[in-house]
Every structure is written in structure tokens, then in C-alpha cells.
Amino acid sequence: MKARLLAAAKPVALAAGVALVAAAAHAACPIQLAVYGEAKSGAEIDFTPTGTSATITNTFRMILDNNVVLDGIAMWTEGSASRPHGSLMYKCPTGDVTGEELAACTVWEGVIYSADEKGTIGLLPAEGADAPKSLIFPDLGPSLEMSAAYGPAGFSRVPWDIFSLKGCQE
């Protein structure tokens, strides 16, 4: 009887070992390499390492239909209620830019939230942390619809506020 139980346990142990190896192969992705997607519009968000910026904690780009690309950053606010303040910009001038010029090319601003597998809401983590399951950009669609990036010369499919983790860049 004992021999039969041991023989039956071997395939179970082997399957558990294979599952552990598979789980290790899908290890957590750091936020700076994460790729997110939004199902309704097909929009994507690709994070990239920020580098040595003293103020910017996250750098990303949002890719919309018709190859429209928005440049995104997040900067954590100071104080007891610090938050990751995100901005999406479209065709901003480069070099020495005034605040007025920057405001004119910013198409969305707000706090970037995250959600885990259980639906617990948090804040966008800074680089080095594991990428959360979902990102939430409050009122993204209405802001983008009113932007210069939307319309005949720009994108036509407006994304919703929630983006889900699709993968990790290598």
C-alpha cells in the first residue's frame, strides 16, 4: 500500500516542480520595463528607465492608433499626501521650454493609481518596484478627446482609464 502511495505521489511532486519552474520563468517585472495595454482602443503604455533625473520617478510613452505617441512622466509630489503626479504630452518642443509651452502640449495630468490581483488600489510605484497588475489614469479618455492629438490628423480610438499588464520588456 505504501509503495502504491509513493508511486502515485511522484507524478504530483513532478507536476508541482514543473509549476514552480514555470512560476519562476514568469518572475515579477520591474515597473521600468513593464508594458500595459487597454483592450477597447488597443492603446499601449511602455515604461522605460528614467535614468538620473532628480524629479522624474517614471518615464513612459502611450501609443495610440494611427501611430500617435504621447510622452509620459510621473513625479512624486512632496509632503504628507505625496502622490505620483503624471503628465502626458503631445508634440512638446524640446530644449529650453517655458511653462506656458509645456502647458500647451500637455494633454492629460493627474494622479496615476495602480490595482493588484485582489483589486486593492494603490499608487504608481517608483522604478525598482514590481509592476502592478493594472494602472488607472482617471478621466484619461475625456482629456484626450479634447486634445490636439485627437481627430482626423491624430488618433481616433479613445482609451478607457484602465490599462492591464501585458508583459515585460527585456
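Mentor: What follows goes through the disulfides, then the sheet and the core.

This is a predicted model, in which local features need pLDDT of at least 70 and side-chain atom pairs count only at pLDDT 80 or more, while totals for chains, interfaces and linings use all residues. Residues are numbered from 1 along each chain as its sequence is written, and side-chain values use heavy atoms, with hydrogens and water left out.

A search of the whole structure finds two disulfides (a disulfide is a pair of cysteine sulfur atoms within 2.5 Å). With the bonded cysteines numbered in sequence order, the pairing is 1-4, 2-3.

Helices (H or I, at least four residues) and strands (E, at least two) are DSSP runs, numbered from the N terminus. The link of cysteine 29 and cysteine 168 is right-handed, with 80 degrees about the S-S bond. Cysteine 29 has 8% relative accessibility and so counts as buried, whereas cysteine 168, at 38%, counts as partly exposed. Buried means under 20% relative accessible area, exposed over 50%, and partly exposed in between (1.4 Å probe, protein chains only).

The other pair is cysteine 92 and cysteine 105, with sulfur atoms 1.7 Å apart. Cysteine 92 lies in the loop between β5 (84-89) and α2 (99-105), and cysteine 105 lies in helix α2, 13 residues apart. This link is also right-handed, with 90 degrees about the S-S bond. Cysteine 92 counts as partly exposed because its relative accessibility is 24%; cysteine 105, at 6%, counts as buried.

Strands β10 and β5 both belong to an open sheet of 10 strands, in the order β6-β5-β4-β3-β2-β1-β10-β9-β7-β8, with antiparallel pairing (two strands pair if DSSP finds at least two bridges between them). β6 (106-111) and β8 (121-123) stand at the edges with a single partner strand each, so one side of each has no neighbour in the sheet.

The largest nonpolar core has 28 residues, and Tyr36, Phe47, Met62, Leu70 and Phe137 have the most contacts inside it. Such a core is a set of buried Ala, Val, Leu, Ile, Met, Phe, Trp, Tyr and Cys residues joined through side-chain atoms within 4.5 Å. β1 (34-37), β2 (44-48), β3, β4, β6 and α3 (140-145) each supply at least two residues of this core.
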